[in-house]
Amino acid sequence: MFIDLIINLLPKNIAKKIAKRAFGRVDYCFLIHSRDYKDLYRRFPSFRVLPFFFVRLIGRSMFPIRVGFIYGGVGKQKGVFVGSPMDAKDMGKNRELASRKIIRAAKFAEKLGVRHIGLGALSASFTKNGIDVEKSVDCHVTTGHSLTAWIVSNNAIRIKELVKKDLVVAIVGAAGSMGSACYKILYDYFDKFILIDKDIEKLKDKINLSDKTIVSVGKS
């Protein structure tokens, strides 16, 4: 953890040299965050002597850290998990702070020498689908939303094949990046959709509503 602190504090060009000497080449990174502050007890067993309120305070203010390395990728590339200790509940209550913490984690990852950053868990949701992160680092940034949309849509198609019935598909958050992608993938497989989103105008802008039996709902 001490070397993570040093890398966080140093300028990028110096930090990269130290990181390469300490960890070797690191090609890509996944940004993650604590599900709950109890995760910090597992990552740092010495924290078990501390009361929970103090661990939560540490999580809110702590710098990003390496959680672990990833081996065995294509071309023997090496990856790293970079964690922001702030947990999901606190991120929801403090969106601006969450965004700053995620961007700081991305900058730390860049200092480790990575060229590709994947935004895991809620990292994309609190940074305008990764746009704020992309503006802050000189790396390729991906949210992974396209893969999630494909997996969800594929599961829906498989369910239809199993039940062998006409089904109605309801998409909550249909104007979002994943919701709109799911709709476009599933459009040719289903005859009726219920599209649910709080921003009906955004929904109309992102999705071409056709005469196909589609019901749009303004609020969930």
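Lysine 78 is found in the loop that lies between strand 2 (65–70) and strand 3 (79–87), where helices (H or I, at least four residues) and strands (E, at least two) are DSSP runs numbered from the N terminus. The model is a predicted one, in which local features need pLDDT of at least 70 and side-chain atom pairs count only at pLDDT 80 or more, whereas totals for chains, interfaces and linings use all residues. Residues are numbered from 1 along each chain as its sequence is written, and side-chain values use heavy atoms, with hydrogens and water left out.

Lysine 78 is buried yet has no salt bridge, and the nearest side chain of opposite charge, that of aspartate 27, is 8.3 Å away. Here, buried means under 20% relative accessible area, exposed means over 50%, and partly exposed lies in between (1.4 Å probe, protein chains only). A salt bridge is a side-chain nitrogen of Lys or Arg within 4 Å of a carboxyl oxygen of Asp or Glu; Lys and Arg count as positive and Asp and Glu as negative, while His and the chain ends are not counted. The side chain of lysine 78 does reach the backbone oxygen of phenylalanine 23, at 2.4 Å. This belongs to the polar contacts, defined as pairs of N or O atoms within 3.5 Å; within protein, one atom must be able to donate a hydrogen and the other to accept it, and residues adjacent in sequence count only if both atoms are side-chain atoms.

Aspartate 27 itself lies in the loop between helix 2 (12–23) and strand 1 (28–34), and it counts as buried because its relative accessibility is 10%. Aspartate 27 forms a salt bridge with arginine 25, the closest N and O atoms being 2.5 Å apart; arginine 25, by contrast, is exposed, with a relative accessible area of 63%. Aspartate 27 and phenylalanine 47 are 20 residues apart in sequence and 31 Å apart in space, taken from C-alpha to C-alpha.

The structure holds six salt bridges, and side chains of opposite charge can pair when their charged atoms come close. At 38% relative accessibility lysine 12 counts as partly exposed, whereas glutamate 110 is buried, with a relative accessible area of 4%.

A further salt bridge is made by the side chains of aspartate 39 and arginine 42, at 2.1 Å from N to O. Because aspartate 39 and arginine 42 are three residues apart in helix 3 (residues 39–43), they are separated by about one helical turn. Aspartate 39 is buried, with a relative accessible area of 14%, and arginine 42 is exposed, with a relative accessible area of 52%. Salt bridges that share partners join Arg35, Asp39 and Arg42 into one network.

Accessible areas come from the Shrake-Rupley method with a 1.4 Å probe, and for residues only the protein chains shown count as cover. Leu147, Trp150, Ile151 and Ile185 form a nonpolar patch, with about 390 Å² of accessible area together. The largest share of this nonpolar patch, three residues, comes from helix 8 (residues 145–163); isoleucine 151, found in helix 8, is partly exposed, with a relative accessible area of 40%. A positive patch is formed by Arg95, Lys184, Lys198, Lys202 and Lys206, the place of a charge being taken as NZ of Lys, CZ of Arg, CG of Asp or CD of Glu. Lysine 184 lies in helix 9 (residues 177–186) and counts as exposed, at 53% relative accessibility.

For the chain as a whole, the secondary structure comes to ten helices and eight strands, and buried residues make up 40% of the 220 residues.

Conventions
Patches are made of residues with over 30% relative accessible area and no salt bridge: like charges are joined within 9 Å, nonpolar side chains (Val, Leu, Ile, Met, Phe, Trp, Tyr) within 5 Å.
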